[in-house]
Amino acid sequence: MNNLTFKFMKKAFLIIVVCLSTVLFSCKKDKNTNQSSSPEAVKSDTADAAFADNGWPREAENNGTKLVYYQPQVDDWKDFKEITARLAFSLTPKDGKQVLGVASLKAETLVDKDNRSAFIKNLQVTDIRFPALDEKKVPEMEKLFKETLPQSGDPISVDRILADLTQTKSPPKGITAKNDPPVIFYSTNPAVLLIVQGEPVLVPVEKTDIQYVVNTNWDLFFDKTSKEYYLLAENVWLTSKSLDGKWTKTAKLPSGLINLPSGQNFDDVKKMIPPPSTGAAPEVFYSNKPAELIAVNGNPKFIKIDGTKLLYIDNTENDVFADETNGQYYVLLSGRWFSSKELTGPWKYAGNSLPADFAKIPKNSPRANVLSSVPGTQEAKDAVMLSQVPTTAILKKSDAEAKVKVNYDGPPQFKPIEGTKMQYASNTQEKIIKVGDLYYLCFQAVWFMSTSPNGPWKTCDSVPKEIYTIPPSSPVYNVTYVTQTTTDTTVESSTTAGYFGAFIIGATVGAILTYGTGWYYPPYVYYGGLYPIYRPWPYAYGGGAVYNPWTGGYAVGRRVYGPYGAAGTSAWYNPATGRYGRSASVQGWYGGRTAASTYNPWTGNYARTNQGHNAYAQWGHSAATNGNQWVQTGHITTRRGTAVAYQTSGGKEGVITHRRGGGTTIHTNNNVYAGHDGHVYKRDANGNWSHYNNGNGGWTQAGTLGSSKKSGEAIQRNKPNQGLGANGAGERIQRDNLQKPEQNLGGETRLGDRTQHDNFPKADQTLGQPNKPLGEAGRPDITNDLDRSAFSRDRGETQTRNFQNFQHQGGFGGGGFRGGGGFRGRR
């Protein structure tokens with residue numbers, strides 16, 4: 001932070017304190033971490049607005065100088081941490097005339113995944129161009145621009161950034177996944193899927209002859225006296241002599257079940273004792289490893305998808321389609337497509353040969369949610385790109401090291417990692433990698449190192465490169481998606497979607513995001529103590545994993561898969577207390593977003609959190625959630641505007657002001673752009689471009705792309721008596737094609753496909769050299785580039801508003817999104 005900005009912020013802070021002497025910023029700190037907690041004390045729409053992208057253009061003011069700056073056009077987002085962009089702006093000095101210009105910028109970003117916003121910090125202005133300004137006045141205007149442009153705190157929607165990058169960023173390389181189909185059952189009758197991973201792990205229930213099966217997704221018991229299994233499937237009790245045998249409904253339960261102790265996670269079971277008289281017995285499908293179930297409510301009801309040869313089955317929670325052209329059925333499971341001639345199977349992987357009609361599914365179709373898993377679609381590209389955007393945490397080293405805890409089941413045991421010289425700890429839930437004589441622990445997305453498998457653990461200043469060669473066939477593969485840097489006192493951890501179990505796989509026509517690697521990692525059971533200890537490893541199937549494009553992650557859990565999702569997601573044993581636990585709700589979007597206890601089989605974490613990504617639950621907060629890595633404490637609104645107090649993990653304090661007339665959104669058209677040639681352009685409602693040139697009377701026609709009308713016809717709609725003085729050009733910028741704030745800025749199909757193959761300027765191309773004159777305005781390569789920018793801006797606007805609507809409707813709760821082209825909640 002430069003001295004000028006700091007002085008300005010300090011002054012603003014003092015003013016607010018004086019004006020609000022009776023109001024205290026909420027600065028609750030964790031006793032152990034010295035870090036600020038989330039701003040829960042202030043809950044209002046204004047609070048949310050302070051951390052959200054509320055639209056463009058924006059206005060800032062400093063000592064009478066007024067700056068209107070339009071949405072940045074992002075050229076690159078290096079490692080999804082450093083943005084290179086250009087923006088168009090108008091600058092009006094105090095008592096001076098308005099001038100227009102373009103600026104080239106670089107800035108660091110912090111991403112708040114929950115609000116889907118990127119916060120700008122450490123902004124640098126690398127180039128400024130004024131296409132219609134006397135050269136003698138340029139230094140003064142450059143100074144005013146740099147002093148007035150907000151240096152940090154300005155949020156921009158991640159969707160806006162990704163819309164720009166879709167045009168320029170190369171697709172990532174997918175992992176070597178295993179795409180063999182799992183066992184897929186099919187039923188048109190009420191059915192449940194009973195998964196017991198491996199042999200049943202039986203643990204006694206105190207003071208009874210009953211044993212509880214821990215490695216399963218349902219409430220399953222074994223009576224030692226009758227040697228029968230008892231299964232509670234929702235509100236119906238079933239019994240069988242063997243797990244893979246015939247299950248029948250029963251109204252008679254062994255006395256051991258009737259005498260289950262209170263608490264100890266049996267309370268929900270006790271509510272069904274004695275057995276209810278109502279409820280039909282479902283069919284039970286059994287598997288000893290993760291499997292999937294296509295459950296149709298009666299005979300399949302097929303619905304035709306307009307504009308395609310596809311039909312989908314309406315009376316199922318699964319995504320099942322039929323193709324009239326080839327007579328094949330298709331099902332989407334954990335982000336992967338499988339095909340078959342019969343709904344009963346056999347199934348084979350079809351991700352590389354999906355019919356082209358899948359990409360033509362209308363966006364308002366009740367099954368449009370699958371577009372995120374169709375290779376080559378914009379939705380699939382968005383999912384892949386969003387998965388690479390990191391979540392970041394900055395922690396004090398001493399605090400992190402004090403909280404690390406590793407438990408082994410017996411003496412530490414290590415197994416080799418295939419294809420490497422490394423080993424991983426096999427008898428603990430923690431991810432510990434042995435590299436040479438050193439041990440590296442990835443604990444809740446932070447790396448630690450020790451010379452002993454038992455610690456003590458110190459944060460890593462560097463992580464060995466060998467660790468990032470761990471193959472997907474290893475159960476500890478997900479740690480390769482965690483990187484970090486350190487200072488003398490802090491550690492900054494960055495984590496992408498792979499850590500939580502969402503992986504990119506390559507397809508013939510494009511990359512897609514899937515859940516799990518597809519490899520099966522057998523669970524681990526330890527029988528060395530009084531009770532057996534069961535440790536599930538990550539899985540790909542058996543949880544009903546579905547992708548939500550708005551959260552950018554997968555959630556697992558479906559009714560027919562049991563109340564706890566799957567055997568690998570919930571049932572677990574706590575050797576410290578001798579009790580078994582089960583998550584009240586299973587893994588949520590992108591790592592477990594729920595107010596109840598959650599378990600993520602990829603991270604191995606059990607946590608209770610009301611915040612977003614529970615990778616950081618141990619640290620007491622979720623990294624960049626609500627900006628609380630650096631904008632921490634409280635915010636309050638007065639007639640003077642909004643102020644956000646903050647404290648960083650390094651102890652720096654200050655205030656960011658969002659004053660009216662400074663950093664606020666102005667409700668006018670966002671149709672002014674920065675050209676790569678250094679000129680300022682605007683676009684009318686018909687797609688025509690004009691560039692700003694004061695010598696030619698303000699705006700000069702730059703082409704007639706996208707319209708049957710001439711550019712001049714559109715420009716003539718300005719009032720004939722408007723002048724070009726201090727306000728004339730600016731007024732026309734703000735009044736041309738004025739739209740309501742909630743109105744989309746054009747349509748996604750307006751430009752068609754004609755912009756896809758035009759020559760695109762390189763991402764690192766500058767806005768021109770200060771010692772050279774501006775190039776000729778309106779060249780086809782520039783206007784084609786601007787067409788792409790306009791298309792991306794419109795799309796980013798639509799995506800941003802759709803996400804905010806989803807968020808305001810309580811979308812993170814899961815469920816309730818059937819139809820309308822959005823996510824169909826099935827939990």
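Mentor: Helix H7 (residues 378-387) is largely enclosed by the rest of the structure, because eight of its ten residues are buried. This is a predicted model, in which local features need pLDDT of at least 70 and side-chain atom pairs count only at pLDDT 80 or more, while totals for chains, interfaces and linings use all residues. Residues are numbered from 1 along each chain as its sequence is written, and side-chain values use heavy atoms, leaving out hydrogens and water.

Trainee: What makes a residue buried, and which residues of H7 are buried?
Mentor: Buried means under 20% relative accessible area, exposed over 50%, and partly exposed in between (1.4 Å probe, protein chains only). In H7, the buried residues are Glu-379, Ala-380, Asp-382, Ala-383, Val-384, Met-385, Leu-386 and Ser-387. Helices (H or I, at least four residues) and strands (E, at least two) are DSSP runs, numbered from the N terminus.

Trainee: What covers the buried residues of H7?
Mentor: The cover includes H4, strand E33 (502-505), strand E34 (512-515), strand E37 (546-548) and H11. Contact here means heavy atoms within 4.5 Å.

Trainee: H4 and H11 bring me to Arg-160 and Glu-797. Why is this pair called a salt bridge?
Mentor: A salt bridge is a side-chain nitrogen of Lys or Arg within 4 Å of a carboxyl oxygen of Asp or Glu. The side chains of Arg-160 and Glu-797 meet at 2.9 Å, N to O, so the pair qualifies. Arg-160 lies in helix H4 (residues 158-165) and Glu-797 in helix H11 (residues 780-808), so the pair ties together parts that are 637 residues apart in sequence. Both Arg-160 and Glu-797 are buried. They also belong to a network of salt bridges that links Asp-53, Arg-58, Arg-160, Glu-797 and Arg-801.

Trainee: How do you know that Asp-268 and Lys-271 form a salt bridge?
Mentor: Their closest N and O atoms are 3.7 Å apart, which falls within the 4 Å limit. Lys-271 has 64% relative accessibility, so it counts as exposed. By this rule the count of salt bridges comes to 21.

Trainee: What makes a set of residues a nonpolar core?
Mentor: The members are buried Ala, Val, Leu, Ile, Met, Phe, Trp, Tyr and Cys residues joined through side-chain atoms within 4.5 Å. The largest such core has 80 residues, and Trp-77, Phe-89, Phe-145, Ile-433, Trp-447, Ile-467 and Ile-470 touch the most other members. Domain 1 (58-165) and domain 3 (391-495) both give residues to this core, so it lies between them; the bounds come from an automatic or database domain assignment.

Trainee: How do you know that E28 and E29 pair?
Mentor: Two strands pair if DSSP finds at least two bridges between them. Strand E28 (residues 438-443) and E29 have five, in the antiparallel sense, so they pair. Phe-443 has Val-446 in E29 as its bridge partner. E29 and strand E30 (residues 458-459) are antiparallel and joined by two bridges, with Met-449 opposite Lys-458 in E30. Strand E29 (residues 446-450) is largely enclosed by the rest of the structure, because four of its five residues are buried.
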